[in-house]
Amino acid sequence: MNGGLDQAIEAYKEEAQELLSELETSLLELEESPEDIELISRVFRAMHTIKGSGAMFGFDKIAHFTHEVETAFDLVRNGQLSVTKELINLTLLARDQIRAMLEEYGGGARIDESKSAEIIKGFKRIMQKVEGGTEGAESAASAKAGSEADESDEAKSVTYRVRFKPDHDLFMSGTNPVLLLNELRELGQTIVIAQTQDIPILKELEPEKCYTFWDVILTTDKGINAIKDVFVFIEDSSDISIDEIDSGEDVDELGENYKKLGEILVERGDVKTDDLRKVLGKQKKVGEILVESGVVNEDQVRSALAEQKQVKQVRESKQKMEAASASIRVPSEKLDSLVDLVGELVTVQARLSQVSSSRHDANLTSIAEEVERLTWELRDSTMGIRMLPIGSTFSKFKRLVRDLSLELGKDIAMTTEGAETELDKTVIERLNDPLVHIIRNSIDHGIESPEDRVKKGKPKEGTIHLTAQHSGASVLITIRDDGKGLDKEAIVNKAIKNELVAPDAVLSEKEIFALIFEPGFSTAQKLTSVSGRGVGMDVVKRNIDALRGNIDVKSTKDKGTTITLKLPLTLAIIDGLLVKVETEFFVLPLSLVEECVELTKEVIDKAHGRHVANVREEIVPYIRIREFFNITGKSPEIEQIVIVEVEDHRVGFVVDYVIGEHQTVIKSLGKVYRGVEGVSGATILGDGTVALILDVPKLVKAVEIEENQTMVPQLS
Amino acid sequence: MSKTIMTVDDSASVRQMVAFTLKGAGYTVVEAVDGKDALAKLKGAQVNMVITDLNMPNMDGISLIKAIRSDAALKFLPIVMLTTESQDTKKKEGKSAGATGWIVKPFKPDQLLAVVKKVLG
C-alpha cells in the first residue's frame with residue numbers, strides 16, 4: 001500500500017469521526033423536531049458519506065452495516081417512514097457501533113458482531129412496517145448511492161430578473177408596491193431599479209395612477225415560487241415576468257468564457273496591449289452609444305448594468321466562499337511547537353526592545369518597533385489558531401444527559417447557549433472531565449424524579465442549561481439546573497462528621513458551598529453508577545485550579561443550583577503584574593490583583609507585629625514575599641502591598657517595588673522545581689532574567705497552614 | 001404606534017379569532033358586524049387596514065369594498081377579503097371591486113399574519 005492511500009485512509013477515519021459526532025447532534029435535534037427535513041437529510045447525507053467512502057477505502061464492514069441505516073433514512077426522507085423514538089434510539093446505537101468498527105480497524109477492541117446483527121434486525125423490523133416492504137426501498141437507496149446525486153438536493157442561489165409592471169390602477173386596490181419590493185428584498189441580495197420613462201408630462205399626469213415600473217435583480221436560494229408568492233394578489237392585474245439570468249452553476253469553460261476580439265489580437269501579437277487600451281479609451285461605451293442614438297433610455301441601460309453587476313458579484317462571492325472553505329488539517333503537536341516558538345520570539349523581541357532603547361540609535365529603534373508590532377501580531381494569530389468553539393463539547397453532553405436520564409428514569413432536557421464561544425484547545429480538552437462530573441452530579445443529585453417534581457409543583461421535565469460566554473480575557477461557563485438545590489444542613493453535618501469544620505463553626509453560605517469541593521466530601525447517601533465513582537467535586541476543583549480558573553456556586557433550595565466556571569482564554573500567556581524584591585522578579589496574575597497600596601513603617605508599628613494592614617478601614621492580612629522565599633537584604637523604607645482577591649478574601653503581598661503590567665509567556669519549571677510550593681511557572685524578562693510566576697491561591701493556603709501550626713500551641 | 005385593523009364579519013367567532021391573532025401580534029383591532037356597521041365605524045376612526053367577510057347581512061363584503069373605494073378619504077385603504085375555496089368567482093368579483101388581497105377560509109393564525117404583513121408592511 002502506498003503512502004498516499006494510507007493518508008487518504010487516515011483522512012477517511014478523521015472525517016468519519018467528525019461525521020459521527022455531527023450525526024449524534026443531528027439525531028438528538030431530530031428527536032426534538034422529528035419533522036425537520038433538513039435534519040433528516042443531514043442524517044442521510046452523513047450515513048451516505050460514511051458508507052460511500054467506507055466502501056472506497058476497504059472498510060467493507062462499515063459500508064455494509066451503514067447501508068441499512070441509510071436505507072431507513074432514505075425512507076424517512078421520502079416520507080414513507082416517520083421519525084420515532086425507536087428509530088432514533090436504534091440509529092444512536094448504530095452510530096456507536098460504527099465508531100467501534102472504526103476503532104477496530106485502527107487496532108482497537110474487536111466489536112461484538114452479534115450486536116451489529118441485532119441493530120440491523122431492528123432496522124429491518126422498522127422498515128417492514130412500510131408498505132411495499134423493504135425491497136423497493138433498498139433498490140431506491142442504492143440507485144441514489146450510485147448516481148451520487150445528493151448534492152443537487154441543496155438549494156442553489158439563482159439570480160432572477162423580475163420585471164414588475166403594475167396596472168396603472170394599482171393604488172386603487174390598496175396595494176403598496178414598495179411593500180412588495182421590500183418583500184422581494186427579504187428573499188436575498190437585491191437590486192431594484194425604478195423605470196420612470198412611462199411617467200407622462202405634468203399636464204397629462206393623473207396623480208392617483210401608478211406609472212412607474214421596476215426591474216429587480218434578485219439572487220435567492222428560495223426558488224422561483226417564493227418570488228411568485230410575493231405577487232400573488234396582483235398577478236392577474238399586473239404584468240410580471242420572472243427570468244432566470246444566472247443559475248449559479250459553474251461556468252462552462254467552452255460556453256461563456258470565450259475570448260474577446262482584442263484579447264485574441266494581443267495574443268497573436270498583431271496589436272500591443274497599450275495601443276489597444278489607447279484606442280478603446282476613445283471608444284464610447286455601448287450604453288452611451290445606445291442612449292445617444294435613442295434606441296434605449298438611460299433607465300433601461302442602468303437596469304441592464306445593474307443586472308450585469310449583480311451576476312458578477314454573485315459569481316465572485318461564490319468563488320471567495322469556495323476559497324474560504326479550503327482548510328488544512330495540522331497535527332496539534334505542530335501547533336504546540338509553533339506556540340512555543342512564538343513564546344521564545346516574544347522573549348527575544350522584548351530583549352531587542354530593551355537593548356535598542358539603551359542604544360539611542362534611531363535606525364535600530366525603528367527596526368525594534370517594527371519587530372515588536374509583527375511579533376504581537378504573530379502571537380495573536382498563533383493563539384487564534386488554537387482557539388476552537390466549545391460547541392463540540394456541548395453536544396457530547398447532550399448525549400450524556402439523554403443516556404443518564406433514561407438510566408435513572410428522570411425526565412431531563414438540556415439546553416445550551418454560546419456554543420460558538422472560542423477557547424484554547426487545551427482548555428477545552430481539560431474542561432471535559434470537570435464538566436462531565438458537574439453535569440452528572442446535577443442529573444443524579446440535583447434534579448428530582450418526575451413524581452417528586454410534580455409534587456413540588458415544578459414541571460415534570462427538569463432542565464440543565466449550559467452556557468458559555470466571553471467576559472474580558474476569561475470565559476464563563478455556567479451549568480444551571482432547576483433541581484432541588486444544595487442542602488446546606490446536610491453539607492455542614494457531613495463536614496462536621498468528616499472533621500472538615502469545627503462543630504461550632506459559623507459559616508457563610510459561600511463557605512458552606514465551598515465545602516463540597518473539599519477532598520473526600522460526598523453527601524450522596526448511597527453510591528450510584530452515575531456520580532459516585534470515587535471522585536468527588538474536589539477533583540473538579542483541582543482540575544479547574546490547574547486551568548487557572550475558579551468555581552462559583554449559587555444554590556436555592558428547591559429552585560436549583562448554578563455553578564459558574566471562570567476560565568482563562570488561553571494557558572500559554574498570562575497578563576501579570578511584575579514586582580521586585582531585592583534583585584528577584586516575580587509575576588502575579590493580573591486577573592487576581594485588586595489594587596496596590598504603600599506599606600509604611602508607621603502602619604507596621606501600629607499592627608504590633610501582626611502581618612495586617614489597615615486599608616480604608618478594612619483589615620487586610622499580608623504575606624511578605626521576602627520572608628516566604630528567604631530573600632536576604634534590607635527592605636526599603638516604603639514597601640508596596642499588592643492586594644489580591646483569593647476565594648473572596650483580600651490578601652496582600654508585600655514587595656519592594658511594583659514594576660508594572662507585564663504580558664508573559666509561561667514557561668513550565670524544570671522537573672526539579674516543579675513541586676515548589678507557591679510557584680506555578682516562570683517567565684523570561686527582556687534582559688534574560690528569570691521571573692517566577694506566583695501561584696497565589698497555593699501561596700495563601702501554605703501560609704494559612706503555617707499560621708495554624710504556629711497558632712495552635714499558643715492557644716493551648 | 002400600533003396599526004389599527006378592522007375585522008368585519010357577522011360571525012362573532014371569526015371576529016374573535018381574527019382579533020385575538022392580531023392583538024397577539026401587537027395590532028389594535030376594531031370589530032364590525034357587517035358592511036354598514038363597518039362604514040359607520042370607519043368614519044372618524046384611524047383604520048390602516050380592513051379584513052372583511054363577503055357574505056353578510058345588511059351590506060355584503062363586495063358592496064363594502066366598492067363603497068370604500070368610492071370614498072375619497074378611504075379609497076387607498078388596503079382591504080383583504082375572507083373567502084372560501086369554492087368562491088373563486090367571488091374572489092374575482094372582489095378583486096375587480098378593489099380588494100387588495102384575500103385569505104382562504106379556513107386559515108391558520110400565521111397565514112393571517114403573513115397576509116397582514118404583506119399588505120400592511
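**Briefing: a helix, a core and a serine**

Helix H14 of chain A (residues 362-386) has 25 residues that, at 1.5 Å a residue, should span 36 Å, and its end C-alpha atoms are 37 Å apart, which agrees; the expected span is 1.5 Å times one less than the number of residues, and helices (H or I, at least four residues) and strands (E, at least two) are DSSP runs numbered from the N terminus. This is a predicted model, in which local features need pLDDT of at least 70 and side-chain atom pairs count only at pLDDT 80 or more, while totals for chains, interfaces and linings use all residues. Residues are numbered from 1 along each chain as its sequence is written, chains are lettered from A and ligands numbered from 1 in the order in which they are written, and side-chain values use heavy atoms, leaving out hydrogens and water.

**Helix H14(A)**
- Among the buried residues of H14(A) are A:Ala368, A:Thr375 and A:Arg386, where buried means under 20% relative accessible area, exposed over 50% and partly exposed in between (1.4 Å probe, protein chains only).
- At the start of H14(A), a side-chain oxygen of A:Asp361 reaches to within 2.9 Å of the backbone nitrogen of A:Asn363.

**Nonpolar core**
- The largest nonpolar core has 43 residues, and those with the most contacts inside it include A:Phe397 and A:Leu431; such a core is a set of buried Ala, Val, Leu, Ile, Met, Phe, Trp, Tyr and Cys residues joined through side-chain atoms within 4.5 Å.

**A:Ser173**
- A:Ser173 is buried, with a relative accessible area of 10%, and is found in the loop between strand E1 (158-165) and helix H7 (177-185) of chain A.
- Not counting residues up to four places away in sequence, A:Ser173 touches B:Arg69, B:Gly98, B:Ala99 and B:Thr100, contact meaning heavy atoms within 4.5 Å.

How values were computed:
Polar contact = N/O pair within 3.5 Å; in protein donor to acceptor, adjacent residues only side chain to side chain.
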